[in-house]
Amino acid sequence: YPLAGGNTWTYDCSGTISLSGVQMATISGKTEVEITGTETHSEGFDVFVQENTVTDTAYISGQNPCITDSTFTEYIRITDNGLYGYHHLTDTDSSFTVPFPLQNGATWTFAEEPPTTGEILSMSANVTVTAGSFDNCMEMQTVWTDASSGGIVSNTADFARNVGQVKNVLTITAGAMTTTYINDLETYSLN
């Protein structure tokens, strides 16, 4: 996706938590992503600094709303070989990898911990969200097992050329419980 200082993306977030097919809670919120500039990694290469702010409210049947706010930083590096993400500027191994060239059907190890498989599902997905309709999106899926619940996590993200991520659908299935969380691009500004 386009990486330059000052680029921003705002996502409308929604979701549900169901138990044995019965909806127990709804989730709503916003996610804001901003590339704030660049830093030098401890191994001497430059990375883009990506600040992520997530504010969600879960409305659980019969209970007061549960509000979750989190802010975290990721460091992103792009080379001819792929896109690499780091949690810290001193990490010697990337926390995730997307190898280039991007090709439909490609599979790889997206992350070592937790063990996560990545796959390009499509290079021509058509996606419509609040920010508009986007053709020929790259659709990527990652799948892993959640250590705390033992559940299977599936994350499907759509990326539009010269825009970035336009949609993300996260599904966690643990026994009879299913959580679905969707980010739809609402607005974006690119420099």
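How much space lies in the largest pocket? I looked that up before anything else. The largest pocket holds about 1500 Å³ of space.

**Ground rules**

I am working with a predicted model, where local features need pLDDT of at least 70, side-chain atom pairs count only at pLDDT 80 or more, and totals for chains, interfaces and linings use all residues. Residues are numbered from 1 along each chain as its sequence is written, and side-chain values use heavy atoms, with hydrogens and water left out.

**Entry: the largest pocket**

I noted the rule for a pocket: on a 1 Å grid over the protein atoms alone, it is an open set of points with protein on both sides within 12 Å along at least five of seven lines. Lining residues have an atom within 4 Å of a point. The volume is the space filled by probe spheres set on the points, which are joined across faces, edges and corners; the probe is 1.4 Å.

I then went through the lining. The largest pocket is lined by 43 residues. Nearest its centre lie Phe 96, Phe 110, Met 140, Phe 159 and Gln 165. Which strand gives the most to this lining? It is strand E9 (residues 132-145), with six residues. A strand here is a DSSP run labelled E, at least two residues, numbered from the N terminus.

I sorted the lining by type. I found 27 nonpolar, 13 polar and three charged residues. Nonpolar covers Ala, Val, Leu, Ile, Met, Phe, Trp, Tyr, Cys and Pro; charged covers Asp, Glu, Lys and Arg; the others, Gly among them, are polar.

**Entry: salt bridges**

How many salt bridges are there? I count three, taking a side-chain nitrogen of Lys or Arg within 4 Å of a carboxyl oxygen of Asp or Glu. For exposure I used these classes: buried under 20% relative accessible area, exposed over 50%, partly exposed in between (1.4 Å probe, protein chains only).

Asp 12 pairs with Lys 30, with the closest N and O atoms 3.8 Å apart. Asp 12 sits in strand E1 (residues 8-19) and Lys 30 in strand E2 (residues 22-40), so this pair ties together parts 18 residues apart in sequence. Lys 30 is partly exposed at 33% relative accessibility, and Asp 12 is partly exposed at 29%.

Lys 30 also bridges to Glu 186, with closest N and O atoms 2.7 Å apart. This pair links distant parts of the chain: Glu 186 is in strand E12, Lys 30 in strand E2, and they are 156 residues apart. Glu 186 is partly exposed at 25% relative accessibility.

Lys 167 pairs with Asp 184; their closest N and O atoms are 3.6 Å apart. Lys 167 lies in strand E11 (residues 164-174) and Asp 184 in strand E12, so the pair ties together parts 17 residues apart in sequence. Is Asp 184 buried or exposed? Asp 184 counts as buried, at 18% relative accessibility. Lys 167 is partly exposed, with 23%. Shared partners join Asp 12, Lys 30 and Glu 186 into one network.

**Entry: nonpolar surface patch**

I found a nonpolar surface patch of Leu 19, Val 22, Met 24 and Met 177, with about 320 Å² of accessible area together. Patch members have over 30% relative accessible area and no salt bridge; nonpolar side chains (Val, Leu, Ile, Met, Phe, Trp, Tyr) are joined within 5 Å, like charges within 9 Å. Areas come from the Shrake-Rupley method with a 1.4 Å probe, and for residues only the protein chains shown count as cover. Met 177 is in strand E12 (residues 177-189). Met 177 is partly exposed, at 39% relative accessibility.

Most residues other than glycine have a negative phi, and most peptide bonds are trans. I logged the exceptions below.

- The Phe 100 to Pro 101 peptide bond is cis, with omega near 0°. Pro 101 is in the loop between strand E6 (96-99) and strand E7 (107-111).
- The Glu 113 to Pro 114 peptide bond is cis, with omega near -5°. Pro 114 is in the loop between E7 and E8.
- Asn 136 has a positive phi of about 55°. Asn 136 lies in strand E9.
- Asn 162 has a positive phi, near 65°. Asn 162 lies in the loop between strand E10 (152-160) and E11, and is exposed at 62% relative accessible area.

Technical notes: Helix = DSSP H or I, 4+ residues; strand = E, 2+ residues; numbered from the N terminus.
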